[in-house]
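Let's take a look at a protein model together. Have the picture open while you read.

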Amino acid sequence: MSSIDNSSPEIHVHNPKNKIKESTGYKVFTVFNTIIMILVSFATLYPFLYLVSQSFSSEQAIIAGHTSLIPEGFNINTYIYVITRYDCEFLKYYLNTIIYTVVGTVLSLLFSSVLAYPLSKPKLRINKFLSPFIIFTMYFGGGLIANYVLILKLGLKNSMWGFILPMLISTYYVILMRSFFMSIPKDLEEAGEIDGLNKFGVFWNIAIPLSKPIIATMTLFYAVMYWNNWFNAKLYLQDKAKWPVAYFLQTIIRGAGASDPDATQMSANIKSCAMVLTVLPIICVYPVIQKYYVQGMMLGGVKE
Amino acid sequence: MKTTKLAKVTCVGLAISMLSTLAACNGAGGESSEVTTIPSQIETTTAQTEEDLPYDYGYGVTFHADEPVTYTMFFSDASWYPMVDTWKTEGVFKQIQDRTNVTLDIKSYDSGDYMENITLDINAGNAAYIIPKIYDDSAFVDGGAIVPISDYVQYMPYFTEFYNTYNLSGDIQTITRSNGKYYKLPGMKEANLINYSFVIRKDIWDAAGVDVVELEKTWNWADMLEALKKVKAYMVAQGMCAEGDYIWSDLWCGNESGQGSGGNLLGIIAATYDCNAGWNMGNGMRYNVDQDKFIFSPTTDNYKAFLLTANSFIESGILDPETFTQDDATATSQYYNGKTAIMSINQGQYANYEENMTAQLGAGNYENYVLTIPVGSTNNSTVSPERLENGVMISQKALDELGEDGFLELIRFVDWLFYSHEAYDLTKWGVEGEHYTVDADGNKKLVDGFCCGGLGYGNDEAGSMTDIRLQWGYAGGNFWYGGTVAEMSDNLIPPVADYVARDTAYRDVPPLAPGIAPTEDQNEEINLIATPLISNVNTWTLKFVTGQEDINAKWDEYVKSCEDLNVQGLVDIYAQLYK
């Protein structure tokens, strides 16, 4: 009979104090890494902090070149001026942006998911015909003039739809959604069908509720895209009353850098104020939702 | 087998279509490059159906349509004085409507996107009738969307009067295409007035013992350098700066506004040496009067002399080499603070500089003075010899939709709007008696309570005055072109008028280069050669000027690098164009 080892087995209990001893090289690496990351963070943050400081500084301090990270001649007059000038035009542009972002994001989500879901069904024969057409648009476009004539002939120029419709469906996002839909177990959908749901019912009652992560991510992606877009406004929104704030900001910045000598009269703090106000919502929201950004790139990126 | 046949048929079809395209391209580009001449005087003619016209027109007559008319017009909207509703309800557009019975249907685009957007509209068949603010019309003339306006100028009394009075045929020749026609109505000037120069702290210069008023009459760049050395020595002695500081840090030369070419400063210095550089580089080709031909100026001895001159200011510790990389605001803040004693200026900036310096240094604690630019190898002024400004195009759509008679009515309205003294005063100054007054000597002045950034009339400290440009659209950039010397000078403030007068008195007018008309193909060839060539020239130029390369030691290497980039090809094309 073999002897039995009665000694108690070694039990590993996690104890924060029981750390693996770090080598000197690793410690040095960590220190250097931290220093470098702090420097990189500072270099990234500095322009923005400078901008904020400038927006609160007096015009004379800016002209004198006294602006630093701490505002000189602190005041909020420029903010008041930017917001209230020309019958509060800035707020009107802001409101336009909010409308475009909300309407555009909702519609984009709707149309993208409705397109992505059937594409996720490999057995659907028409996909073999449709998919290449959809993928094709990722690599080739009709060109600026062709798109412009299309919007013109459709009577969409100078309307909100001229801004929203060209961005309604992003092929890349559709492909991400399609990959996510493909990962939903077939059994669940078949169970839904057995329980009497039609195809749309399965999509709406089973696929969509299971796809909250990708929908959250797409919401974010589309919302940021609509918020930041100024190019469509430049092409299709001639009427200033319909401009989004991003395009207004674009004109201010470019105006201040124009070769026309009078353009330099637009002072630097007006420029910085407008920039701060425009990016403020994104700055506020981004720290909260940035994890979705990272996750979003992974979600649907891998097909199981 | 079927597939093979189909493939063959497809290939043949494609080949035929490609050959057709090539043939068509050849046809389009196969214009003659002969030099055409336009008339030295234009005789005003009347259309065959002139009787009982539904409008009044004529030289000295206000255009007025019997029935209300609406014309579409593109408009370049500047973000620093954006168009507002009051421009249409009571401002410049309303005033035009009241006088002429013409309503302008404005299609405005932000000035930064203006050319891109109107190009799209024109190419998409959505052009407005009147297309103002056009600097280069070459992108439009070949498409057939623009009317060759030279066919119609004889119907425009104000245009022809100005053209004939001031002999502008040579100038117009410079915008004439190879088919002998021109496509834009340019802003025309009786003469060019100096715009860019240098402003100095005259109080410091005087204290340093430099009598600049006397010196500048005939001074050259070496004299200016010596004067600046004296000024610096004085500033160092007074503790205003250290020995290692620079007293000249310039704007409009950095990466952004200087466009990597040295911008305004190098353009000015080079012009005095009969060369192209900085903002005025273009493709480097310049007409040489003595040789009566076009030469590539960046490889001439004059260019070398210009480089040595520009470099001498940096070598002497006067000019900050960071001038060519810094932001404009860095230069202006140093001048406003009194850290530097000289900086570039143009007509529109004088009042702005004074306003900022008063805020920084206090009124009475400084004195500005705009210099007459030193001479280089010639005594020529740095003004452009070409007396044309940006201009107006008329779309083919207008001719198609309005018919010949309606089109003549349109261009006679355009003639009044852009070339009559009445419209000039209206669009620049507003309504006489309401916004401005004219004294017995003909001097114009804004009525109390009004200001205008575009005319150099600043607001008061409380900002209580009404800016006639912001409020009603007067003195905007879409209408305000050329004119007589009196018209162009009527808003110059005394110090600016003084330096304009000194430049005219002390310097010669540079000769006008003869007009040449490259074809579309030649233009493309010129651009293909010039793009890398000028990039190379600019890179070397900045290295030479800032002292990174020795001019004398590396000059031959530089010239060789230009030759390797086919300078001769460029010269040959110009020789062919100007036989």
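Here are some questions and answers about chain B. The model is predicted, so local features need pLDDT of at least 70 and side-chain atom pairs count only at pLDDT 80 or more, while totals for chains, interfaces and linings use all residues. Residues are numbered from 1 along each chain as its sequence is written, and chains are lettered from A and ligands numbered from 1 in the order in which they are written.

Q: How far apart are the C-alpha centres of domain 1 and domain 2 of chain B?
A: Domain bounds here come from an automatic or database domain assignment. Domain 1 takes in 55–191 + 387–425, and domain 2 covers 197–382. Their C-alpha centres lie apart by 37 Å.

Q: Which residue is the bridge partner of B:Ile134 in E12(B)?
A: Strands (E, at least two residues) and helices (H or I, at least four) are DSSP runs, numbered from the N terminus. Two strands pair if DSSP finds at least two bridges between them. E5 (residues 130–134) and E12 (residues 388–394) of chain B pair antiparallel over three bridges. In E12(B), B:Ile134 is partnered by B:Gly391.

Q: Which residue in E12(B) stands opposite B:Met188?
A: Strand E6 (residues 185–188) of chain B runs antiparallel to E12(B), with three bridges joining them. Opposite B:Met188 you'll find B:Leu388.

Q: Which element gives the most to the side of chain B that touches chain A?
A: Contact means C-beta atoms, placed from the backbone, within 7 Å. On that basis, 31 residues of chain B touch 26 residues of chain A. E4, H4, H13 and H14 of chain B each supply at least two residues of that side. With five residues, the top giver is H13(B).

Terms used:
Contact = placed C-beta atoms within 7 Å.
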